[in-house]
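Please keep the sequence and the coordinates in view while reading.

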Amino acid sequence: MTQSTDVSTLPQFSQLTLQGEDAEKFLQGQLTCDVTKLGLSYQPTALSNLKGRIEFGLWIKKQDEKHYDVVISADCVDALQAHLKKFGAFSKFETSAAAAIYPCVLADEPTFSHKDEHDTAEDIQAWMQRSIATGNYWIVAATQGEFQPQELRLHQRGGMDYDKGCYLGQEVIARIYFKAAPKAFLHYVSGTGDAPAAGDKLDKIQVVNAIATNDGFEALVVARPAHLDDSDLTLLELPTALQADVARPK
């Protein structure tokens, strides 16, 4: 059971709409997923920097032809708008102003809604709890540039495509996937004490997201298995698809 949380500390999210002739082509050259395969459901994906680390953690869906909705942590939205303006300067699409969108759980899945009825602390906490339990991490300003997509198991959630061609950070990301494997990667854990903040280090273990519970906290962390074994954290089970080896299948 989650503990009541100060509303001011709860995550907030914003939606941007990209619409226009070049929207698909532009996004295809930016995001880790294959934009041509998107549908009406939110797909987690990433926009990486040139070092192959996630600069913006996103959810995206194709609302209509040449019309894409992107959801991002509200504290990253200004930086994303600046990025889109810089890299999309010569592409034919328009970007909307940021609009609030509310995290909630529908049909047992963490998602987002524009309905005011979901604009509650209870909905946000339910979304946090379900997201952490299912590996649905969220990148905030404090964790921009901290994690490589494969470390966060994004490829196991359909958020990466290794055959789509070039995009920002693709060379580094592909090299890791085809020639190596992350030694530290995403785990779901519980612990005692106060919930750590996103980006905090618990010795050699880095926190991605955490939520307070009656007994302590639950969190998504990036860690080497050996470091988890040496810690006081309890390893919990992620969904089956996210329990597979993060390395490329042989």
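Does Phe-13 count as buried or exposed, and at what relative accessibility? Phe-13 counts as buried, at 3% relative accessibility, where buried means under 20% relative accessible area, exposed over 50% and partly exposed in between, with a 1.4 Å probe and protein chains only. The model is predicted: local features need pLDDT of at least 70 and side-chain atom pairs pLDDT 80 or more, whereas totals for chains, interfaces and linings use all residues. Residues are numbered from 1 along each chain as its sequence is written, and side-chain values use heavy atoms, without hydrogens and water.

The structure holds 12 aromatic pairs (rings of Phe, Tyr and Trp, the last by its six-membered ring, with centres within 6.5 Å; planes under 30 degrees apart are stacked, over 60 edge-to-face, the rest tilted). One of them joins Phe-13 and Trp-59 edge-to-face, at 5.8 Å centre to centre and 80 degrees between the planes. This pair links distant parts of the chain, 46 residues apart: Phe-13 in strand 1 (residues 13–19) and Trp-59 in strand 3 (residues 54–64); helices (H or I, at least four residues) and strands (E, at least two) are DSSP runs numbered from the N terminus. Trp-59 is likewise buried, at 6%.

Tyr-137 lies in the loop between helix 3 (121–134) and helix 4 (170–179) and is buried, with a relative accessible area of 4%.
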